[in-house]
Amino acid sequence: MHTEVTPINSYPKYWAECYGTAPFLPTSRAEMDALGWDSCDIIIVTGDAYVDHPSFGMAIIGRLLESQGFRVGIIAQPEWQNKDAFMSLGKPNLFFGITAGNMDSMINRYTADRKLRHDDAYTPNNEGGKRPDRAVLVYSQRCREAYKDTPVVLGGIEASLRRLAHYDYWSDKVRRSVLMDAKADILLFGNAERALVEVAHRLSNGEDIKTLTNIAGTAVMMKEIPEHYKEIDSSRIEKPGRPMAMINPYATEETCATNKDAEKEQPQVVHVRPSRHDAATTVVRLPSYEKLANDRILYAHASRVMHLETNPHSGRALVQKHADRELWVNKAPIPLTTEEMDFVFGLPFARIPHPRYGKAKIPAYDMIKTSVNIMRGCFGGCSFCSITEHEGRIIQNRSHESIINELEEIRDKVPGFTGTISDLGGPTANMYRLGCSDDKAEANCRRPSCIFPKICEKLNTDHKHTIDLYRKARSVKGIKKIMIASGVRYDLAVESPEYVRELVTHHVGGYLKIAPEHTEKGTLDLMMKPGMGTYDRFKEMFEKYSMEAGKKQYLIPYFISAHPGSTDEDMLNLALWLKKNDYQCDQVQNFYPSPMCNATAMYHSETNPLKRVKYKKREDLFVAKGERQRRLHKALLRYHDPLNWSLIREALVNMGKKHLIGDRANCLVPAEGSEAEMTPAERRGSGRHGAKRFATKHPNQPDIRKDGKRGTGGNHKPAGTGAGKGKPGQRATGGKPAGQGKPHGNGNQSSRNGNNGANGNGGNRPQRNGSRPAGAKGQGARGQGGQQRSGGKPSPSRAR
C-alpha cells in the first residue's frame with residue numbers, strides 16, 4: 001500500500017564530490033578558498049547561528065546536500081538591511097535555500113502577549129535582534145536583490161507552517177501563503193530531505209525550477225492547475241449525501257460485526273474505508289485567500305479540510321487561489337525509512353558551533369549538545385501543537401545501532417562531556433517504533449490522532465524497543481547517566497508498566513515533567529488530550545515504582561492558560577485543583593496561536609473545527625481574547641502570587657464566587673489587605689519572587705525560607721494572617737514552558753527533529769504553540785516547543 005520512492009542516498013553524486021567533506025561548511029570567502037572552491041553550488045541562509053549539529057536545521061540540510069556531492073555554503077544571521085551580506089559567498093550555481101531557523105521568527109521575537117523579547121537562544125551570547133521579523137520574507141527579498149535570476153527555495157518551520165493562507169496572531173489577520181509574499185520559486189514543507197535531494201539533483205541536471213511542480217512535500221505558484229487533475233471543492237467533503245460524504249471525516253475507521261454473538265466472542269474488527277478519489281488524479285480546492293480573509297467560519301472549514309489531507313500515502317494535493325494565481329500544495333512527503341534516518345544522522349557533523357563564534361555561548365546548543373534524537377513525528381494530534389502538521393503522524397525511527405554510535409560520538413567529540421546524556425527522545429519520548437499495525441489502514445487513515453479520544457485498536461503500544469534501547473544505551477562505556485527530557489505521553493506509558501518502571505528507576509533525575517494541560521473535560525476534548533483519570537493512573541504508577549527504587553521523585557505537571565474553549569469557570573476549577581494538590585506554577589504561559597494548528601483556527605474563528613463546520617449549526621467556543629481576559633487566565637494558574645490577588649478577587653466577585661476569598665482552607669486567595677504582609681522583595685518582584693523564577697513548586701520538598709515569613713509552598717496566605725501553615729513547597733526546574741521548544745526536539749516549539757524544509761530539517765521540534773527554544777534562562781522547549789507551544793521561553797524539556 002505504501003508509495004515507492006527513491007532512497008535519498010541512492011542518487012548519483014554531483015561532480016563536485018571530488019572536493020570531499022568540509023570540516024565546517026564555509027561561511028566566508030576565505031573558508032571557500034581554503035577548501036579550493038571557486039563557488040558554491042547551494043547557499044543556505046539561516047536565522048540561527050551555524051552549529052554543526054544534527055539538532056540544527058541548516059546543519060542537517062547542509063551535510064545532506066554535501067553527501068550528494070554539492071558544495072554548500074552557509075550565511076548565518078546576516079545583516080538584512082541591505083544585500084551585501086547575501087553576496088558574501090558569491091552567486092550560487094543552483095539556488096539559495098532560505099530558512100528563518102529552528103523557530104518561527106515571530107515566536108522567537110515576541111511573547112504570547114506580543115511583548116518584545118530581548119534574547120535569542122539560537123544566537124551567540126543569547127543576544128536578541130539578530131534576525132528580522134518574518135525572516136523568510138526578508139531574506140528572500142535580499143537574495144533576489146543580490147542575484148535576481150537565482151532560484152530561491154524556502155524551507156524550515158516558518159515556511160512549512162505558513163504554506164497556505166493562515167491566521168497570523170501578531171497582525172491579527174489572515175495572511176497570504178508565505179510562498180507568494182516571498183516571491184520565491186518553491187517551498188519545501190515538513191521533513192524535507194527527500195524533496196530537497198530531488199530538487200537539487202533535478203536542477204543540477206539542467207531542469208528549470210518552474211518545471212518542478214509535482215514533488216511531494218513542495219508547494220508552488222501556478223497560473224492554472226494541470227489538465228489531468230479532477231478538481232473537488234472542499235465544501236463537497238463536508239456536505240452529506242455527496243460522493244465523498246463521511247459520517248465523521250475524522251473517523252474513517254468503522255467497527256463491524258457479523259452478528260451479536262460474534263461481537264461478544266470476538267475482538268472488534270476494524271475496516272478501513274479508502275478515499276473514493278485517487279490522490280494521483282484529484283485535487284481539493286480550498287476557499288481562496290480573499291474569502292478566508294473576511295470569513296472566520298470559512299477559515300475554520302478550510303483548516304479542517306487541510307488537516308484531513310495530511311496522510312502522505314492517500315492525501316490529495318490542495319489548491320488555493322491567491323488573486324489571479326493558484327497556490328498548489330502537493331501531498332505531504334513520504335516519511336524516511338529507518339535506513340534513511342540512519343544515513344542522515346550518520347553524516348559527519350562536527351557537533352559544535354562554527355569556530356567563528358569563539359568562546360561565545362549559544363544557549364540552544366548548550367542545552368542539546370549531549371542529547372540524542374531517536375525519532376521524528378507524533379501521532380498524538382494535540383490541537384495546540386504543530387508537530388503533526390510539520391513532521392507528520394507516522395513515526396520515523398532510527399536503529400539502535402545508529403543511536404548507540406551517536407552516543408559514542410558524543411562521548412568522544414563533545415568538549416567537557418561528563419558522562420551524562422541530557423535526553424534520549426524526540427517530539428515525544430515514548431513513541432519510538434510505535435505505529436499502526438496495519439499497512440492498509442495506515443495508508444488510508446485520516447484520523448488526526450491515533451490516541452484520542454481513545455487509543456486506536458490498530459495502534460501498536462508495545463514499548464519493548466524503547467526499553468531495550470534504554471538498556472543498551474546505559475551499557476555504553478563512558479555513559480554514566482541518561483536522562484529523558486522529552487515529553488512522556490503518559491496515556492501511552494500506562495499501557496506499558498514495564499516502560500514506566502524502567503523510566504522511573506533509571507532515567508528520572510528527581511523530577512519528571514508531564515503535561516495534563518488542563519483538568520476540565522470540555523477543554524481537554526478541544527485540546528485532544530486524555531482526561532485526568534489517565535493522569536492519576538500514571539501518577540500512581542510513578543510513585544509506586546519510585547518507592548520500589550528507593551527514590552524520592554516528583555511529577556511536575558504543565559498546564560495551558562487561555563486555551564480556546566477554556567472559560568473563566570474552567571480556569572477557576574483548574575486553579576482550585578492546583579491549590580488542592582499544592583502545586584504552584586511560577587512560569588506560566590498563555591496559549592500562543594502558532595500558524596496552522598487546530599487550536600489557532602479555534603482562536604480565530606471562535607468555533608470548533610474538530611467537528612463539522614456549518615454557518616447555522618456549529619459549536620461556538622468561548623475564546624479568551626484581549627489583554628485583561630488573558631491576564632486573568634494566566635493569573636488563576638498563579639493563584640499563589642500576591643501580585644495576582646486583586647485581579648482574581650475582582651473576577652471571583654463577578655462570577656458569584658466570593659466565598660473563595662478569605663482565610664479558610666477552601667479559599668483560593670486571601671481577603672483584601674493581606675498584601676500588607678508581603679516583604680519588600682515580594683512587592684518589588686525581585687530576587688526569588690521576580691520574573692526570572694522558573695519553578696513549579698511541589699508539596700513534598702522542604703521550603704527553602706528560614707526567616708519565618710511567607711514560604712513558597714502549600715498555603716497562599718502570608719504568615720501571621722490566620723492561615724494555617726501549608727505544606728512546604730518543592731522547587732522544580734522549569735515552569736510552564738511555551739512552545740517551540742528545544743532545538744533538538746526533545747522537548748519543545750521547535751521541532752526536535754524537525755525543522756525540515758529547504759533548510760530546516762533539523763532537530764528542533766515543531767512548534768507547539770509557540771514558545772522559545774530551550775536554552776537560555778530555562779527556556780521551555782516543547783511547544784514551539786521545538787515546533788512551539790504556549791509562548792514563553794522554552795524550557796529544557798517539555799512533557800506531553
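This is a predicted model: local features need pLDDT of at least 70, side-chain atom pairs count only at pLDDT 80 or more; totals for chains, interfaces and linings use all residues.
Is Cys378 buried or exposed? Cys378 counts as buried, because its relative accessibility is 0% (buried is under 20% relative accessible area, exposed over 50% and partly exposed in between, using a 1.4 Å probe and protein chains only). Residues are numbered from 1 along each chain as its sequence is written, and side-chain values use heavy atoms, with hydrogens and water left out.

**View 1. Cysteines of an annotated binding site.** An unreviewed UniProt entry puts a "binding site" annotation on Cys378, Cys382 and Cys385 (positions follow the numbering used here, feature names are shortened, and annotations may be inferred rather than shown by experiment). Cys378 sits in the loop between strand 16 (375-376) and helix 14 (387-391); helices are DSSP runs of H or I with at least four residues, strands are runs of E with at least two, and both are numbered from the N terminus. Cys385 lies in the loop between strand 16 and helix 14, and Cys385 is buried, with a relative accessible area of 3%.

**View 2. Helix 19 against helix 21.** Helix 19 (residues 497-506) packs on helix 21 (residues 532-548) at about 50 degrees, with the axes 9 Å apart. Axes here are lines fitted to C-alpha atoms, for helices over the stretch in contact, and angles run from 0 to 180 degrees between N-to-C directions. That angle makes helix 19 oblique to helix 21 (under 35 degrees is roughly parallel, over 145 roughly antiparallel, 65 to 115 roughly perpendicular, and the rest oblique). On the helix 19 side, the contact (heavy atoms within 4.5 Å) uses Pro497, Val500, Arg501 and Val504. Helix 21 brings Phe538, Met541, Phe542, Tyr545, Ser546 and Glu548.

**View 3. Helix 24 with helix 25.** The axes of helix 24 (residues 627-637) and helix 25 (residues 642-654) come within 10 Å and cross at roughly 105 degrees, so the two helices are roughly perpendicular to each other. Arg628, Arg631, Leu632, Ala635 and Leu636 of helix 24 meet Asn644, Leu647, Ile648, Glu650 and Ala651 of helix 25.

**View 4. The buried residues of helix 24.** Arg630, Leu632, His633, Ala635, Leu636 and Leu637 are buried in helix 24. The buried residues of this helix pack against strand 24 (554-559), helix 22 (568-580), strand 25 (584-585), helix 23 (598-605) and helix 25.
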